[in-house]
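Student: Please walk me through this model one feature at a time, giving the general idea before the particular case.

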Amino acid sequence: MIAVAAGVLLAVVVAAAVLLAHMRQVTLVNPRGWMAIRNIGAQDTDPITRAVIARFGLFANSSAEALYLQAQAGEPFSLRNILRGEPIRRLDGGRHHRIRIERPIPAEWWSLTLYAADDYLFPNAEGRYAWLSQELEGEPYPIVIDVAPERPAGARFWLPSPPEGPIGLTMRLYRPDVELVRNLERYPLPAVEAGEGR
Amino acid sequence: MRYLLLMLATAAVILAAVSTAVLRYPARQAGRAMEGLAEIAGGVNRFHHERLPDETWRTIVRPSPDLLYSAMVFDLRAGPLRLTFPHHADYWSAQFIDPRTSTFANVGNSAGVTGPTRVFLTLKDKTAGEGRVIHSPEAQGVLILRYLVRKPDDISALDRLRRMTLVERAVP
């Protein structure tokens, strides 16, 4: 009986280690606060990535058509994050974050969308779930999108967030430039800056 | 020694089961989604048109609130399909997905295109037809349409436009 229990434990540890090592390998991290999964939805996508995407984003598009960037804090799938119980550390909705866009993003268009902890759109009085590149056309750079529960003083482009709990902040780049996709880890993406708050 | 062997055997059996489950999971999820989609669309080769996602929308997690989605299960067992997408200069895309969740083709708006986009969707081993030929690796799969909504006033016109997409049986 003890041997069987030890076998179960061993299997859990091995499976978790393989999954985490794999996710670290296929996760692209940009130091400006973003991550993306490599090679989504391609014919040669490996089985583990395929299963993870089937669970969290079934029928996600290929990166040549749409690149999905997730805002996150720290190093995804690191031992530190695992010990905190958050393989990917999402942003805190109660905190004021600024998305600073310093230059045009080379894609046909892009959107920045906020999701509540349940991964659905966050209800707010403004009816504002996202900002689109088309809405900001002609604005001088840098463009700052303020993510906060209350409209920060002087904020022109406010994306309301829940007062507490983690949020999902997704930037989608549609038909992105090939160079951006290829050099995602080094590309000067918009910066996710943590401001005041808890 | 017996205990060690039993422990390793238990672990091996569990890991084999987990690996099989992981391998099968995407196709199982896709299969369920396809069944549900065909049901709400009233059959295969028919589109289901979704409303613009808002905070009450629960069809999929993390929807784009700026895209009008339509989806269809295509079925090529009775022969290839001719798809005609109406001309639209702003962003739209048609994503072709196989039952293993791989995207095998994308079409959409393109600079310089002024007329409708015609696609001949056929199985890999079948002969080609007119228009752009897309070979499907399987007899069934999913086609997802996405239309960019720049402002709420555009929704009704875009809704009319996407419903003009033609799905016809083509003779190879």
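Student: What percentage of the contacts in chain A with a separation of 6 or more comes from residues 24 or more positions apart?

Tutor: Two residues are in contact if their C-beta atoms, placed from the backbone, lie within 7 Å. In chain A, residues 24 or more positions apart account for 67% of the contacts with a separation of 6 or more. This is a predicted model, in which local features need pLDDT of at least 70 and side-chain atom pairs count only at pLDDT 80 or more, while totals for chains, interfaces and linings use all residues. Residues are numbered from 1 along each chain as its sequence is written, and chains are lettered from A and ligands numbered from 1 in the order in which they are written.

Student: How many helices and strands does chain A have, and how much of the chain is buried?

Tutor: Helices (H or I, at least four residues) and strands (E, at least two) are DSSP runs numbered from the N terminus, and chain A comes to 4 helices and 11 strands. A residue is buried if 20 or more other C-beta atoms, placed from the backbone, lie within 10 Å of its own, exposed if 12 or fewer, and partly exposed in between; 33% of the 198 residues of chain A count as buried. The C-alpha trace of chain A spans about 65 × 40 × 25 Å along its principal axes.

Student: How should I read helix H1 of chain B, and where does this helix bend?

Tutor: The expected span of a helix is 1.5 Å times one less than its number of residues. H1(B), residues 2–41, has 40 residues and reaches 57 Å from its first C-alpha to its last, close to the expected 58 Å. The bend at a residue is the angle between axes fitted to the seven residues ending there and the seven starting there; in H1(B) this is about 40° at Tyr25(B), with Pro26(B) following within four residues. After the helix comes Gly42(B), whose phi is positive, near 85°.

Student: Which residues of H1(B) are buried, and what covers them?

Tutor: The buried residues are Met7(B), Ala11(B), Pro26(B), Ala30(B), Ala33(B), Met34(B) and Ala38(B). Their cover includes helix H1 (2–26) and helix H2 (47–56) of chain A, together with strands S2 (67–75) and S8 (140–148) of chain B.

Student: How many residues does each chain bring to the contact between A and B?

Tutor: Chain B brings 41 residues and chain A 43. On the side of chain B that touches chain A, the elements giving two or more residues are H1, S4 (92–97), S5 and S8 of chain B, and H1(B) gives the most, with 17 residues.

Student: In what order do the strands of the chain B sheet lie, and which stand at the edges?

Tutor: Two strands pair if DSSP finds at least two bridges between them. Five strands of chain B form an open sheet in the order S1-S2-S8-S4-S5, with antiparallel pairing. S1 (48–49) and S5 (103–108) of chain B stand at the edges, each with a single partner strand, so one side of each lacks a neighbour in the sheet. S2(B) and S8(B) pair over 9 bridges, and Ala71(B) stands opposite Ile144(B) in S8(B).

Student: Is S4(B) mostly covered or mostly uncovered?

Tutor: S4(B) is mostly covered, since 6 of its 6 residues are buried. Trp92(B), Ala94(B) and Phe96(B) lie on one side and Ser93(B), Gln95(B) and Ile97(B) on the other. S4(B) pairs with S8(B) over 6 bridges, where Trp92(B) stands opposite Tyr147(B), and with S5(B) over 5 bridges, where Ile97(B) stands opposite Thr103(B). S4(B) and S5(B) form a hairpin with 5 residues between them, and Thr101(B) in the turn has a positive phi of about 80°.

Student: Is Val171(B) buried or exposed?

Tutor: Val171(B), found in the segment after strand S9 (166–169) of chain B, counts as exposed because it has 7 C-beta neighbours inside 10 Å.
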